[in-house]
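Dear colleague,

I am handing over the structure that we talked about, and I would ask you to keep it open while you read. Below it I have set out what was found, topic by topic.

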Amino acid sequence: MAASFVSAFLGLVVLLLWDQAAAAVYLNVSPNRQQFFKGESIQLSCGVEGGQSAAGLTLKRTLTDKTETCGADKAFRKCSGSTYTVSSLSSEDRGIYWCEDLSGEKSINVTITVSDQPFIIEIPALPVMVGSKVVLRCRIRNGSTTSVHLFKFGKHNKPLTAAPVGELTIINIQESDEGFYWCSDHGKKSPSSHLTVTVFPIFSPPPITSASSLLQLMRHLVVVGPFCISTALMISLFCCKKTEKTLVATVEMEEGAERDEGATYDYIDSAAVTTEHFF
């Protein structure tokens, strides 16, 4: 029983540690798209699920097998710890970005493309949930939609719409919609970017409110509660068994005492009969 108690206690400790480490690291991109024109602005920042402190998080990027760390490399200008804000993008800002904590846990990778083409395709930087509505749009530098065709890799290079409307709305998106998309018109084309579809939620920065704090507390209770209850039950059963053994031992002692007392009376009666018979 003692070994079972210790095992349950260690399991509880492990789960508590896991619960603290399980908070997912995320990368937020604002605005939420992968392609930008040169000179546009962007902000990339790291965070932790549940609104926990971002201390210890680092923003990193890689391009042509070279990894740069926010604030540690000269090329990573205007970058501080876990936030990178650029008011005028250049070709040096393109690359694959991600966030990483001190334990090595990483967020998803996001590819940022900086283009000087006549048009780009607006496609979400962050994964979209199955069942969501997504709008893919071909736009020019002033933000307007341009009437060109949209294409998807693997669709035999056939336009996704009959007319070159420059926009594609996907209602109730599915995993089959995942893939590379681009815009093209008369030999001119935008860079291609990958639309990622997921069945699991990808964490994004939540507002820090009393409701989020309550949600975090409930999450801890759901994880820890069952183990606290099971540990209490094991202790209760252990105590009940000790009490039961004590009662049994007491009853046995009392019954033994009664048998000894009865034997004494029998001995006295026999002696009296023998004495009477002798006289």
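**Salt bridges**

R61 forms a salt bridge with E68, and their closest N and O atoms are 2.7 Å apart; the term stands for a side-chain nitrogen of Lys or Arg within 4 Å of a carboxyl oxygen of Asp or Glu. Please keep in mind that this is a predicted model, in which local features need pLDDT of at least 70 and side-chain atom pairs count only at pLDDT 80 or more, while totals for chains, interfaces and linings use all residues. Residues are numbered from 1 along each chain as its sequence is written, and side-chain values use heavy atoms, with hydrogens and water left out.

Both R61 and E68 are buried, where buried means under 20% relative accessible area, exposed means over 50%, and partly exposed lies in between (1.4 Å probe, protein chains only). A search of the whole structure finds nine salt bridges, and another of them links R139 with E122, with 3.2 Å between the closest N and O atoms. R139 lies in strand β12 and E122 in strand β10, so this pair ties together parts that are 17 residues apart in sequence; helices (H or I, at least four residues) and strands (E, at least two) are DSSP runs, numbered from the N terminus. R139 and E122 are both buried, and salt bridges that share partners join R33, E40, E122, R137 and R139 into one network.

K38 also forms a salt bridge, in this case with D116, and the closest N and O atoms are 3.9 Å apart. Because K38 lies in the loop between β2 (35-37) and β3, and D116 in the loop between β9 and β10 (120-122), the pair ties together parts that are 78 residues apart in sequence. K38 counts as partly exposed because its relative accessibility is 35%, and D116 counts as exposed because its value is 55%.

**Disulfides**

How many disulfides does the structure hold? There are three, each being a pair of cysteine sulfur atoms within 2.5 Å, and, with bonded cysteines counted along the chain, they follow the pattern 1-4, 2-3, 5-6.

In the disulfide of C70 and C79 the sulfur atoms are 1.7 Å apart, and the torsion about the S-S bond is about -115°, so the link is left-handed.

C138 and C183 are joined with an S to S distance of 1.9 Å, and this pair again links distant parts of the chain, with C138 in strand β12 (residues 134-139) and C183 in strand β15 (residues 179-185), 45 residues apart. C138 counts as buried because its relative accessibility is 0%, and C183 is buried with a relative accessible area of 0%.

**Strands**

Four strands form an open sheet in the order β1-β3-β7-β6, and their pairing is antiparallel; two strands are said to pair if DSSP finds at least two bridges between them. The edge strands are β1 and β6 (79-80), each of which pairs on one side only. Within the sheet, four bridges join β3 to β7, and the bridge partner of Q43 in β7 is T85.

Elsewhere, β12 and β14 pair in the antiparallel sense over four bridges, with V135 standing opposite T169 in β14.

A nonpolar core is a set of buried Ala, Val, Leu, Ile, Met, Phe, Trp, Tyr and Cys residues joined through side-chain atoms within 4.5 Å. In the largest one, which has 23 residues, L44 and L59 touch the most other members. The strands β1 (25-30), β3 (42-48), β7 (83-86), β8 (95-100) and β9 (110-115) each supply at least two residues of this core, and the largest share, four residues, comes from β3. Apart from it lies another core, of 16 residues, among them V128, L168, L195 and V197.

With kind regards
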